[in-house]
Amino acid sequence: MGFKFDWFMKGMLGAVLLAFLWPEPGAKGGFLQPELLNKLGVALVFYLNGLALSLASMKDGALRWRVHLLVQCSTFLLFPLLGVALLWGSAGWMAAPLQIGFFYLCALPSTVSSSVALTIAARGNVAAAVFNATLSSLIGVLLTPLWMAWVLHQSGGNFAVGPVIVDLLLWVVLPLVLGQFSRPLLKDWASRHKGLLQKVDRITILLLVYTSFADTVKEGVWSRYNPLLLQTVAGCALLFLLVLALTQWGARLLGMPRGDRIASVFCGSKKTLASGVPMAHLIFGANPAIGLILLPIMIYHPLQLLAGGMLAQRWSSAEAAPS
């Protein structure tokens, strides 16, 4: 499985470019009414996720406790600790919104679709990948804002976690639950129109990317922070390589069979853009630098697919376990 610069990747670039060229409609007060549109978009994304989520398909991977331990610890402990180290190490030379963005990347759950797809391509344990990637998404609804609350409090920021949790319950958890409850009625229809629903999901995310950057451009954030792209690419690459090496070491230390090691590495090193962009609008919606905060996850996303695709191709044709 190789890396494909698909329509969604091109769409992300297009959404960012449009925000720089024509930010007014998507900025606060614009005719797209982003304050309401963003929350409706978040609800739609998570409703579709709930509709597509088959809890029955997770049961085959539920007994792989070593995989669960490694993946969830990597996602919600190792990554955030590396994020704290990055905050300390970058103090004084990295823009504060970009620092927040890197930690937000570290606090996000794993991604479901690409983790499972790469595990399939590398001939790993697909059931374990499905279980852990899905579990990570559910845990992240609670742990991601809690990690952000702790870090922003430590840095002297004023972060009221209560209203964020309420927003997450209303615009994330409730649509997810409604999607699950509607599965008995709509799962056959959703299965037949899977491609269409995925396009609706991705287009909604692109709209959220556009409104995020439109606000940032209108507020003049980018004119204050120019040399950011190189810092972000270098930081994302270093973060990915560190986690990749540590998850492989952890999988060997726990004595996992080859298929479990593959699932652990892919699930434990991934971060979700699909959930990260909507959640950012609930956590940082009032922050004029939200586009800058989202920059690390937008760089990390194609990077993890590029590296993951190359690793999956290598491991699928090799008899030895990943090393």
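1. A residue is called buried under 20% relative accessible area, exposed over 50%, and partly exposed in between (1.4 Å probe, protein chains only). Cys-73 is partly exposed, with a relative accessible area of 33%, whereas Cys-106 is buried at 0%. The model is predicted, so local features need pLDDT of at least 70 and side-chain atom pairs count only at pLDDT 80 or more, while totals for chains, interfaces and linings use all residues. Residues are numbered from 1 along each chain as its sequence is written, and side-chain values use heavy atoms, with hydrogens and water left out.

2. With a disulfide taken as a pair of cysteine sulfur atoms within 2.5 Å, the count is zero. Cys-73 is in no disulfide, and the nearest cysteine sulfur, that of Cys-267, is 14 Å away. The sulfur of Cys-106 has its closest cysteine sulfur in Cys-236, at 8.8 Å, which is too far for a bond.

3. Helix α5 spans residues 113–121, and its buried residues are Ser-114, Ser-115, Val-116, Leu-118 and Thr-119. Helices here are DSSP runs (H or I, at least four residues), numbered from the N terminus. The buried residues of α5 pack against α6 (126–154), α12 (258–269) and α14 (290–316), where contact means heavy atoms within 4.5 Å. Just after α5, Arg-123 takes a positive phi of about 65°.

4. Trp-22 lies in the loop between α1 (7–21) and α2 (34–52). Trp-22 is partly exposed, with a relative accessible area of 45%.

How values were computed:
Helices (H or I, at least four residues) and strands (E, at least two) are DSSP runs, numbered from the N terminus.
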